[in-house]
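Please read it alongside the sequence and the model.

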Amino acid sequence: MSCFEILQLKSVRFFVWNISLPDPQPAGAGQFLFSIKSQILRSPPASSNIEGFTTPINHFVRFDLESLFSKNDVEQQVHDAILATEQFLKQRNVTALAKILSEFLVKNYGLGLGLGLGSSKPNSPIPAVVVEVNKTWVINPSGDYGGYMMDEVGMFDGCDHEAANEESIHLSLRNLFAVSVFSVLKPIDGSEPLGLRKVPRLDSFQQFESAAAADPDDDTSCAICLEGFSGNPCFKLPCSHVFHGECVAQWLWRKRSCPLCRFQLS
Ligand SMILES: [Zn+2]
Ligand SMILES: [Zn+2]
């Protein structure tokens, strides 16, 4: 009897969790939350076939923002985290999933770009990357897979349509960090709202190849890193301020407002 595996990456979201924890976490400590739904199909379909996905099973795996200095570091940590869930059958699926997921995290959240803004103080809000994956195992006693020929990882469209709700993520994090239901919650960063905050994705902003293209009258340097815009893609926030992509992405891990005018981003 043999088995093959189809994976679909359904959604990826980056949150920060602004809660004072009973056990303070070291600087840079983040959490992946892999929320995995499974189904087993038989080929050809048997009368005993159970179709449909299970309710999601959550797996938390720690990651370390302090040691993400390059895109390769991100891919390596993502790969090891996926492996640590012990939920996947095929090594090449783990590798393919790690590649899609890490590219998304670098591109939209500035992970691994090593600007120093990424280094966090102890007692900062916890970064939490929530990843939803659907896993299908197709089992065929005779080894004949009909139309299915190989293991595959589904293309990722970046949509949130199956996303677990934020209240359940909040509850899972409370469990993980043993925050009692009786305890009074307090923010760890008093200047930001208590609880879970979704970090905006870079692709939700207007992108330009240069600041001059974004706004001809604007300054020629990025107000976050104070360096020039030459050769870097930059992004315009809804308040019309322009920053390097990687600078503003990492800023948004910390704060939900524009660094120049404090415009609040939803
Ligand atoms: Zn910059
Ligand atoms: Zn602004």
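Helix α1 (residues 71–84) and helix α2 (residues 91–109) pack at an angle of about 130 degrees, and their axes are 8 Å apart. That angle makes α1 oblique to α2, as under 35 degrees counts as roughly parallel, over 145 as roughly antiparallel, 65 to 115 as roughly perpendicular and the rest as oblique. This is a predicted model, in which local features need pLDDT of at least 70, side-chain atom pairs count only at pLDDT 80 or more, and totals for chains, interfaces and linings use all residues. Residues are numbered from 1 along each chain as its sequence is written, while chains are lettered from A and ligands numbered from 1 in the order in which they are written.

**Terms for elements and angles**
- Helices (H or I, at least four residues) and strands (E, at least two) are DSSP runs, numbered from the N terminus.
- Axes are lines fitted to C-alpha atoms, for helices over the stretch in contact, and angles run from 0 to 180 degrees between N-to-C directions.

**The α1 and α2 contact**
- Residues of α1 that meet α2 include Val 74, Val 78 and Ile 82, and those on the α2 side include Leu 97, Leu 101 and Leu 105; contact requires C-beta atoms, placed from the backbone, within 7 Å.
- By class, this contact of α1 with α2 has 10 nonpolar, 3 polar and 3 charged residues. Ala, Val, Leu, Ile, Met, Phe, Trp, Tyr, Cys and Pro count as nonpolar, Asp, Glu, Lys and Arg as charged, and the others, Gly among them, as polar.

**Helix α5**
- Helix α5 (residues 245–254) is largely enclosed by the rest of the structure, because 9 of its 10 residues are buried.
- Buried means that 20 or more other C-beta atoms, placed from the backbone, lie within 10 Å of the residue's own; 12 or fewer means exposed, and in between is partly exposed.
- Among the buried residues of α5 are Cys 247, Trp 251 and Trp 253.
- The cover over these buried residues includes β1 (2–18), α2, β4 (126–140), β8 (234–236) and β9 (242–244).

**Strand pairing**
- Strand β2 (residues 29–42) pairs with strand β3 (residues 57–64) in the antiparallel sense over 8 bridges; pairing requires that DSSP finds at least two bridges between two strands.
- β2 is also joined to β4 by 12 bridges, and these two run parallel.
- Phe 34 stands opposite Val 131 in β4.

**The three-stranded sheet**
- An open sheet has the order β7-β8-β9, with antiparallel pairing.
- β7 (206–208) and β9 stand at the edges with a single partner strand each, so one side of each has no neighbour in the sheet.

How values were computed:
Contact = placed C-beta atoms within 7 Å.
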